[in-house]
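Subject: Structure for your files

Hello,

Here is the structure to keep on hand. My notes follow below it.

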Amino acid sequence: MGENGVFADIIAGDTFKYYSDGEWKVSASGKFVPIINPTNKKIQFKVQACTQEEVNKVMESAKSAQKLWAKTPLWKRAELLHKAAAILKDHKKPIADCLVKEIAKAAKDAATEVVRSGDLISYCAEEGVRVLGEGKFLMSDSFPGNERTKYCLTSKIPLGIVLAIPPFNYPVNLSVSKIAPALIAGNSLVLKPPTQGAVSALHMIHCFHLAGFPKGVISCVTGKGSEIGDFLTMHPGVNCISFTGGDTGIAISKKAGMIPLQMELGGKDACIILEDADLDLASSSIVKGGFSYSGQRCTAVKVVLVMESIADSLVKKVNEKLGKLTVGPPENDCDITPVVTESSANFIEGLVMDAKKKGATFCQEYKRKDNLIWPLLIDNVKPDMRIAWEEPFGPVLPVVRISKVEEGIHHCNASNFGLQGCIFTKDINKAILISDAMETGTVQINSAPARGPDHFPFQGLKDSGIGSQGVTNSINMMTKIKSTVINLPTPSYTMG
């Protein structure tokens with residue numbers, strides 16, 4: 001598997017190994033978890049079904065390795081991250097091939113994800129040197145009632161073991177967005193990849209292995225969530241959890257105990273179109289934002305809230321652009337590819353049928369073949385329709401017509417999600433006022449929602465998440481402040 005046999009060590013027979021204590025291992029369970037190709041619905045890969053005892057050993061190894069890793073000079077940690085980034089980019093093809101086969105990501109987008117991930121690792125290494133190389137120096141006489149008899153030195157120290165759980169849609173990029181900040185900060189990292197996307201993640205982990213990270217600093221366990229999911233998230237050895245996904249995150253947050261949590265749990269990103277909007281820009285952004293990777297993105301446009309007076313024109317422009325999208329297998333670089341599982345396709349179909357039953361207007365004929373769903377714009381959606389509120393995670397987009405902008409803001413804020421939103425208008429004053437009123441973590445003005453660039457802050461309100469991501473925010477979240485106070489026998493002041 002892979003170029004020049006560089007990935008030969010990560011597979012035994014037809015089943016991929018898991019990674020622990022610097023070695024690729026076969027689980028004692030003798031069991032595997034199948035990964036179904038979304039395009040042909042056949043078993044594409046197999047990964048180890050790790051046991052709870054194997055998770056315990058991973059945690060033991062991670063704990064002992066972290067103590068030494070935290071003492072590794074910051075420049076050396078950065079140097080190893082740069083090396084891993086280069087190796088990852090050098091082997092983008094075999095990793096991208098896995099993404100195509102296990103999550104049906106178009107070939108060009110799969111390669112882009114790998115390169116973007118390498119860039120993220122390198123940026124994180126550089127930012128880590130800056131953020132972690134600085135401390136604070138406070139003097140006591142800045143607080144009322146104190147003389148200058150105390151000097152306080154503060155620095156950032158690692159938390160310990162970070163458990164990273166990425167989603168299927170960006171199993172490489174959203175893994176390294178957790179791995180790189182954890183490692184540069186001096187933590188050890190245990191990765192539990194998603195089932196769909198696990199093999200891509202294992203290839204990525206091997207790039208860190210080839211870079212020469214110390215044994216135990218990075219681990220990767222695969223298996224059934226029912227057997228090791230709760231065991232991992234409630235493990236007493238875990239000092240921090242970074243999770244990206246859906247409702248599972250809410251359950252994890254209730255069980256995790258008193259440890260830092262970083263969670264991004266999905267969204268119903270609203271796109272508000274005002275009467276003065278550039279409709280060519282808005283329609284292009286809606287198609288890109290709502291339908292790229294078949295709508296399987298947390299930051300996809302999930303509902304269009306358009307002023308009634310321009311709705312017909314906007315819908316016409318969107319439909320014209322949808323008609324140009326290619327539909328088919330990811331190997332052909334099609335714009336719309338199969339959604340990740342049959343259950344996902346069934347869920348999307350349920351939302352579509354509910355809207356149809358309740359009188360929505362279908363701008364295209366609803367068409368589905370197995371996991372492949374053709375792009376569909378649903379107009380005249382009303383608040384009693386499930387698709388007005390639920391996240392389809394597929395190439396289906398509802399349009400709600402509004403008579404005043406306050407209706408759009410209300411619809412956005414009535415959602416239990418609050419990840420991102422966007423506004424299209426030529427009036428920057430209106431844009432700022434509406435942005436301030438929208439209860440979302442990020443608002444894009446005259447562009448579709450997006451997580452990147454990867455160093456931008458990325459956070460959600462309400463059920464969309466806990467904490468903030470982005471390189472600097474993640475580094476800060478995966479560290480804690482340590483203070484050392486020097487007490488002087490007499491007040492000390494600079495010469496004057």
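What percentage of the 496 residues in the protein chain is buried? Buried residues (under 20% relative accessible area, 1.4 Å probe, protein chains only) make up 55% of them.

This is a predicted model, in which local features need pLDDT of at least 70 and side-chain atom pairs count only at pLDDT 80 or more, while totals for chains, interfaces and linings use all residues. Numbering runs from 1 along each chain as its sequence is written, and side-chain values use heavy atoms, with hydrogens and water left out.

The C-alpha trace spans about 75 × 70 × 40 Å along its principal axes. Of the contacts (heavy atoms within 4.5 Å) with a separation of 6 or more, 71% join residues 24 or more positions apart.

The largest pocket holds about 1,100 Å³ of space. A pocket here is an open set of points on a 1 Å grid over the protein atoms alone, where a 1.4 Å probe fits, with protein on both sides within 12 Å along at least five of seven lines; lining residues have an atom within 4 Å of a point. The volume is the space filled by probe spheres set on the points, which are joined across faces, edges and corners. Its lining has 41 residues, with F168, G245, G246, D247 and T248 nearest the centre.

The second largest pocket has about 770 Å³. Its lining numbers 33 residues, and R116, Y170, K288, S292 and R297 are the closest to its centre.

Regards

Definitions and conventions:
Buried means under 20% relative accessible area, exposed over 50%, partly exposed in between (1.4 Å probe, protein chains only).
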